[in-house]
Number of protein chains: 2
Amino acid sequence: KNDRVEMTHGAGGRAMAQLIADIFAPALSNPYLAQGNDQAAMPLPAGAAGGTLVMTTDGYVVSPLFFPGGDIGSLAVHGTINDLAMSGATPLWLSASFIVEEGFPFADLDRIARSMGAAARDAGVPVVTGDTKVVERGKADGVFITTAGVGLVPAGLALSGDLARPGDAVLLSGSIGDHGVAIMSSRENLEFETAIVSDSAALHGLVVDMVNVAGPHLKLMRDPTRGGLAATLNEIAHQSGVGITIAEEAIPVKPEVAAACELLGLEPLNVANEGKLVAVVAAGGADALLGAMKAHPLGRDAAIIGHVTDDPNRFVQMTTSFGGGRIVDWLAGEQLPRIC
Amino acid sequence: KNDRVEMTHGAGGRAMAQLIADIFAPALSNPYLAQGNDQAAMPLPAGAAGGTLVMTTDGYVVSPLFFPGGDIGSLAVHGTINDLAMSGATPLWLSASFIVEEGFPFADLDRIARSMGAAARDAGVPVVTGDTKVVERGKADGVFITTAGVGLVPAGLALSGDLARPGDAVLLSGSIGDHGVAIMSSRENLEFETAIVSDSAALHGLVVDMVNVAGPHLKLMRDPTRGGLAATLNEIAHQSGVGITIAEEAIPVKPEVAAACELLGLEPLNVANEGKLVAVVAAGGADALLGAMKAHPLGRDAAIIGHVTDDPNRFVQMTTSFGGGRIVDWLAGEQLPRIC
Ligand SMILES: Nc1ncnc2c1ncn2[C@@H]1O[C@H](COP(=O)(O)OP(=O)(O)OP(=O)(O)O)[C@@H](O)[C@H]1O
Ligand SMILES: Nc1ncnc2c1ncn2[C@@H]1O[C@H](COP(=O)(O)OP(=O)(O)OP(=O)(O)O)[C@@H](O)[C@H]1O
Ligand SMILES: [Mg+2]
Ligand SMILES: [Mg+2]
Ligand SMILES: [Mg+2]
Ligand SMILES: [Mg+2]
Ligand SMILES: [Mg+2]
Ligand SMILES: [Mg+2]
């Protein structure tokens, strides 16, 4: 009994303060969190004047909580950093809200908190403020985490999903499907010859290099999470009022991921990623951008996968290896629940 | 079936986009949310240079979702605005993450979203970015919402929980216990002669008046939410390394709330509030501050409830109406689960 979360750990009294002091404070430790007020106070960073602040949030309900290549704690850091980074922002601060089911083992909570802290430290983006709620057994599923993030976009940079124009090149930073397939295989208890590991990673370092090289050629970036590459390309096409044509053979899919997708009846284009990005760039900047991406460890397998077209129907189309073609809809393939 | 949330509404495809477009976007409508990118971008407000940014987050798991005086949507706006306001900040932007249980009625989700939007508009603090996840039936309890907030503290203001000093006055903005008792009575289906209504409200307007009048006399503010006034006073005593003495007869408790507390076996000092604040102010500024608070609709019943003492034990003590005294611990009384 005493090694599990009880209702009183969410009641605002001494037990909650103790839980935060024992598990969260040491794991997430940083000077802002240590202020211990109702809110964390941070000085505006140098260069803020003239810049733009960005804010984002994601809830994380991934099941299982621990999976090959990560867990809900590291995922909640990477995912929110990535949504900030897609604007070209420097991610500055994260918040973390935990909703914990009564009876959840302290050991697992501690492992998640330490993983979150390690991911935040590695990324250089501290969790400055938090919250802890406990709900009765059977009213949640272990732990849900919501992170929000704030970042600063330097003056002069304004990427947005509505800026894709016909002729622009579409780049992808690496192989697709790794995260979703890692979750599905661990959920189904599948063992593959080659272990399939989530690609969960913070992309803001890669983004710095991309912005430096591509400059004003860069139109927009987006991370293909839920709904996979197919959903992301359709969102861009819709938002910009354009079509997109991609080449199947240009899209990196690891052989073991392709094999697992066959087995699981999944379409890699629809499977979530957590350490990949799509970029749209003016054609003249594409090669330099690709070079910069390939030079970064998280963009080693980057590729130019297609281009933006003039299409009033806003279709995403894919030319297949056999010379055929098909429409890539964001409904194709099976929907994967609780992948993130 | 078609009037309820299904798993596919959280899968990142067309159904999710439709749900956001139908329910959340119209209810929360504002130009930042409408950008539709992975993050919302906002210009730094005038006066940001030299100021300090503050960030906070809270998860909301209140049960029932709808209660006299509010619902989880308005509460998630008020609560997070208040945690920002306790620093003296101007609240600027909110994020909102929804974790929805499969089968939850659209009509209830719509009502919650509209209530959230109305609260945000009334407060002048937009929800600029959001997220929607769906978990299987039985893996959540209707809806959980996590909001995060960002605000700007003007240059020169630095309130903090560690600044209380012996001799300072302790002020309370109004009656205690209203929120927790409203939740408990609606949960227990109790009917009282006088309806007991949550005090859920955004306090940043009151705070502006307080900061203007008290100036550098003001040391800190805190909203007595979970754990009630008792927990908040103990937190302040602990953080500042002081004692606090309060007078029972000075603490406003509505008669109907006192009666309900008797019936429910609750101690008003331990019951959560959502529209009240505690302020610590140098003695010389106390009367002026009290006047400013009483002049504001949300501080009409404000009172000086006690003062800070020099006490190495950091005890919170209460003198009772009969001339006695007792220690106010943050463990006293029953713990109320899922009050916010
Ligand atoms: N899981 C967590 N990880 C890190 N810090 C946390 C966590 N939960 C709470 N905290 C920190 O502990 C302190 C107290 O949090 P708490 O939630 O009690 O404050 P509050 O939001 O003012 O109260 P309430 O949630 O009842 O409205 C804050 O400084 C908060 O940042
Ligand atoms: N409940 C909501 N209320 C308001 N806006 C929302 C809500 N849910 C999502 N949005 C908005 O819809 C857009 C798409 O959100 P989505 O969560 O799909 O993006 P993402 O975070 O990049 O993807 P993922 O959550 O799969 O990582 C964003 O602009 C987001 O702010
Ligand atoms: Mg608070
Ligand atoms: Mg995201
Ligand atoms: Mg909190
Ligand atoms: Mg994204
Ligand atoms: Mg709070
Ligand atoms: Mg999201």
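How far apart are the magnesium ion (ligand 3) and the magnesium ion (ligand 7), and which residue coordinates both? The two ions are 3.6 Å apart, and B:Asp83 coordinates both. The legends below describe a predicted model, in which local features need pLDDT of at least 70, side-chain atom pairs count only at pLDDT 80 or more, and totals for chains, interfaces and linings use all residues. Residues are numbered from 1 along each chain as its sequence is written, chains are lettered from A and ligands numbered from 1 in the order in which they are written, and side-chain values use heavy atoms, with hydrogens and water left out.

**Figure 1. The magnesium ion (ligand 3) is coordinated by residues of chain A and chain B.** Donors are N, O and S atoms within 2.8 Å of the metal (3.2 Å for Na, K and Ca); water is not among the atoms, so sites may look incomplete. The site crosses between chains, from A:Asp38 in the loop between α1 (14-28) and β1 (40-43) of chain A to B:Asp223 in the loop between β9 (218-222) and α6 (228-240) of chain B. Helices (H or I, at least four residues) and strands (E, at least two) are DSSP runs, numbered from the N terminus.

**Figure 2. The magnesium ion (ligand 7) has protein donors from chain B.** B:Asp58 and B:Asp83 each contribute OD, lying 2.1 Å from the ion. B:Asp58 belongs to strand β2 (residues 52-60) of chain B and B:Asp83 to helix α2 (residues 72-85) of chain B, so the pair ties together parts that are 25 residues apart in sequence.

**Figure 3. Chain B and chain A share an interface that buries about 5700 Å².** Of this area, 56% is on carbon and sulfur atoms; buried area is the accessible area (1.4 Å probe) that two parts lose on being put together, summed over both. In chain B, the residues that lose the most area to chain A are B:Asp38, B:Met55 and B:Arg226, together 14% of what that side buries. Contact (heavy atoms within 4.5 Å) links 75 residues of chain B with 75 residues of chain A.

**Figure 4. Salt bridges join chain B and chain A.** The interface has 10 salt bridges, each a side-chain nitrogen of Lys or Arg within 4 Å of a carboxyl oxygen of Asp or Glu. Among them, B:Arg222 pairs with A:Asp38 (3.6 Å, N to O). A salt bridge also forms between A:Glu136 and B:Arg338 (2.7 Å, N to O). A:Glu136 lies in the loop between β6 (127-135) and β7 (143-153) of chain A and B:Arg338 in the segment after β14 (325-327) of chain B, so this pair joins two chains.

Figure 5. A:Pro68, A:Asn82 and A:Met86 supply 35% of the area that domain 1 buries against domain 2, more than any other three residues.
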